[in-house]
Amino acid sequence: MPYGSRLAAMMTRRIGRECVYTPSARLALYLALRRWCRPGARVLMSPVNDDVILFVVLAAGLRPVQAPVSQWDGNIDPAAVPDSTWRNVDAVLTTNLYGMPDRVVELRRRCEQLGIPLIEDAAHAIGTHVGGQPIGTFGTAAAFSLSKHVAGMAGGFLAVDDARTRRELELLRDDLLTPRRLRVDLATTLRPLARSAVRGFRLVRPVWRTMQRLGLLERDDFRMALHAHRLAGSARHAPSLTAYEPWVRVDLHGFRTRHGALVRGQLELRMALLDGDLARRRAGVSLLSGTTWATPALRDHVAHEGPPSLFRVPLLVHDRDALVERLVGHGLVAGYIYDPPLDDYAGAEFVEPSPAPAAARWFASHTLPADPLTARRIAAALTKEQATPAHPPLRAPLPEPDPTTTPPAPLGP
């Protein structure tokens, strides 16, 4: 029986696609990029994304191409991508940032027209739908995470269309897994319980401050240290997870460690609770979508499709960085802040910069990701702190048309 087949079967029943179980979403994404992209391929992606994802793309031997984004949700704005860029990318990687859906219908149409794969990063979006269809069913493949929505802090899936492809990916996965270690299994099993205990006893503030003072956090800021010289040297070995492991493993050192029965059993129990988790998230999203800090993109989604079960609710606030520090005093730690955008963070040596970076810079610097499971506490804290909602100055200008090219052909009906 293939490794993790029971968990994979649970996910297959949920979304209706063949699924491969992986120890993490980042390993699932690496599998997809290796399977559908040749080394040196150019991958269009949002610069408002986790730096770990950038390093996964680099580890696969690919060139990240940063796209213009919507100033309201940080996802790719297909209409703002120049035609010259569309003609020269080999794949598209979505983000579904915080669970807010990418413009997947248009992106899929573009990819079909160009004959390139659409890879969905659905790590934040396990319960998100577009037109009644679940995110993760629009693209060539989709990577999911269990560490987000059911607090498993481990586990992922790669969803694909057919059993033959699934079997091929299972073999590739098995070659990349490192041996199971009992110590890692125990830590993976106990970590979610410890986090629940910290929150239950309202110890978030002292524990977080202690970890900061002891240097136990792997990031000194929102982004990890780039170590550009070492990173450039790793490119000589790409594609290679091993060469990029110092970056890819940050915050999850066991991202490709084979899980034993203890971890998989716990994840099966947690996955059985997923529908309840998603319902609680929808309730929190509904509350936060009615606040003054909610984005128009969120309000529009709620109005047309109902409250989505977001991993985090993107709230737009002034003085975001100072507010993050003050929220710790309320026992609220804001994570998953992706600032600065990846092209500003990594530079042109490692990524192709966006032709229109203003929207990404504004969104990244004003977004406060709020956990919908603590919606009432967050709303109360922001009200007490007199947080001011942020509004973009003007719509970020589109890149100037290239006079040497003809207008793009219509996409069809």
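Analyst: A cavity, in the sense used here, is a set of grid points where a 1.4 Å probe fits but cannot get out. The model we are looking at is predicted.

User: How many cavities of 30 Å³ or more does the structure hold?
Analyst: Only spaces from which the probe cannot get out are counted as cavities. With the size limit set at 30 Å³ or more, the number held by the structure is two.

User: Which kind of residue, nonpolar, polar or charged, makes up seven of the lining of the second largest cavity?
Analyst: The second largest cavity, with about 40 Å³ of space, has a lining that includes Val 48, Leu 97, Ile 337 and Phe 363. Arg 320 and Thr 367 also belong to this lining.

User: At what angle do helix α2 and helix α7 pack?
Analyst: Two packed helices are described by the angle between their axes and the distance between the axes. For α2 (residues 25-36) and α7 (residues 163-176), the axes lie 10 Å apart, and the angle is about 115 degrees.

User: Is the crossing of α2 past α7 left-handed or right-handed?
Analyst: Among the residues that meet here are Leu 27, Tyr 30 and Leu 31 in α2, and Leu 169, Leu 172 and Leu 176 in α7. The residues of this contact divide into seven nonpolar, one polar and four charged. As α2 passes α7, the crossing is right-handed.

User: Why are Glu 168 and Arg 164 separated by about one helical turn?
Analyst: The side chains of these two residues, Glu 168 and Arg 164, meet in a salt bridge with an N to O distance of 3.8 Å, and a search of the whole structure finds 20 salt bridges. Glu 168 and Arg 164 are about one helical turn apart because their spacing in helix α7 is four residues.

User: Which residue is joined to Pro 340 by a cis peptide bond?
Analyst: Most residues other than glycine have a negative phi, and most peptide bonds are trans. Pro 340 lies in the loop between α15 (320-328) and α16 (342-346). The cis bond there has an omega of about 5 degrees, and the residue joined to Pro 340 is Asp 339.

Technical notes: Residues numbered from 1 in each chain as written. Predicted model: local features only at pLDDT ≥ 70, side-chain atom pairs only at ≥ 80, totals over all residues. Heavy atoms only, no water. Axes fitted to C-alpha atoms, helices over the stretch in contact; angles between N-to-C directions. Helix = DSSP H or I, 4+ residues; strand = E, 2+ residues; numbered from the N terminus. Left-handed = near helix turned anticlockwise from the far one by under 90°. Contact = heavy atoms within 4.5 Å. Nonpolar A, V, L, I, M, F, W, Y, C, P; charged D, E, K, R; others polar. 1 Å grid on protein atoms, 1.4 Å probe; cavity = no way out; pocket = protein on both sides within 12 Å on 5 of 7 lines; lining within 4 Å. Points joined across faces, edges and corners; volume = space filled by probe spheres on them. Salt bridge = Lys/Arg side-chain N within 4 Å of Asp/Glu carboxyl O.
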